[in-house]
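Reader: Could you walk me through this fold, feature by feature? I would like to know how each one is read.
Author: Gladly; let us look at it together.

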Amino acid sequence: MADVIIIVILIILIIIGISSTIKHFKGEGGCCGGGSSVKVKRKKLKQVVKQRTVIIEGMTCEHCKARVESRLNELDGVSAKVNLKRKTAVVSMEKDVQDEVIKKAIENAGYEVVEIE
């Protein structure tokens, strides 16, 4: 009887582990302490004069996406929209902001900039 109970407990733990792993790889889990409950302050620009697309590595969940968007939106004259599945950020600017400033903001959030287009 004790063996059956142990086996049932192990099966339950395995199912929980597999479902959490599936959510993580779909980007739905909170891998880095967050989750989908993280809210980003949207930023409206008066006039967009320049737009750049940044390819980013290391984002795996909604919390990662929110961290990158928040860091970019903290920059003066910058508004960003991150696409987690494409691993990109579209950065809109109302004044010319150097690529190095954008790159540094993303890297300070803990992610790697692959390319800025």
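Author: What follows goes from the sheet to the helices and then to the salt bridges. This is a predicted model, in which local features need pLDDT of at least 70, side-chain atom pairs count only at pLDDT 80 or more, and totals for chains, interfaces and linings use all residues. Residues are numbered from 1 along each chain as its sequence is written, and side-chain values use heavy atoms, with hydrogens and water left out.

Reader: In what order do the strands of the sheet lie?
Author: First the terms: helices (H or I, at least four residues) and strands (E, at least two) are DSSP runs numbered from the N terminus, and two strands pair if DSSP finds at least two bridges between them. Here four strands form an open sheet in the order E2-E3-E1-E4, with antiparallel pairing. Strand E2 (78-83) and strand E4 (112-116) are at the edges with a single partner strand each, so one side of each has no neighbour in the sheet. From one strand to the next, the twist averages 30°.

Reader: How many bridges join E1 to E3?
Author: Six bridges connect strand E1 (residues 50-57) with strand E3 (residues 88-93), and the two run antiparallel. Ile55, for instance, stands opposite Thr88 in E3.

Reader: Which strands does helix H2 touch?
Author: Contact means heavy atoms within 4.5 Å. Angles run from 0 to 180 degrees between N-to-C directions, with axes fitted as lines to C-alpha atoms, for helices over the stretch in contact. Helix H2 (residues 62-73) packs on the sheet and touches E1, E2 and E3, its direction making about 165° with that of E2. Helix H3 (residues 99-108) lies across E1, E3 and E4 and runs at about 155° to E4.

Reader: Which residues of H3 are buried?
Author: Buried is under 20% relative accessible area, exposed is over 50%, and partly exposed is in between (1.4 Å probe, protein chains only). In H3, the buried residues are Ile102, Ala105 and Ile106. They span an arc of only 95° around the axis, so they sit on the same side of H3; the arc is that of the directions from the helix axis to the C-beta atoms. Their cover includes E1, H2, E3 and E4. Exposed Glu100 and Lys104 are on the face of H3 turned away from its buried side. After H3 comes Gly110, with a positive phi near 105°.

Reader: How many salt bridges does the structure hold?
Author: Side chains of opposite charge can pair when their charged atoms come close. The criterion is a side-chain nitrogen of Lys or Arg within 4 Å of a carboxyl oxygen of Asp or Glu. The structure has four salt bridges. One of them joins Asp96 and Lys50 (2.7 Å, N to O), linking the loop between E3 and H3, where Asp96 lies, to Lys50 in strand E1, 46 residues apart. Asp96 counts as exposed at 52% relative accessibility, while Lys50, at 28%, is partly exposed.

Reader: Where do Arg52 and Asp99 lie?
Author: Their side chains meet in a salt bridge (2.7 Å, N to O). Arg52 is in strand E1 and Asp99 in helix H3, so the pair ties together parts 47 residues apart in sequence. At 18% relative accessibility, Arg52 counts as buried, and Asp99, at 26%, as partly exposed.
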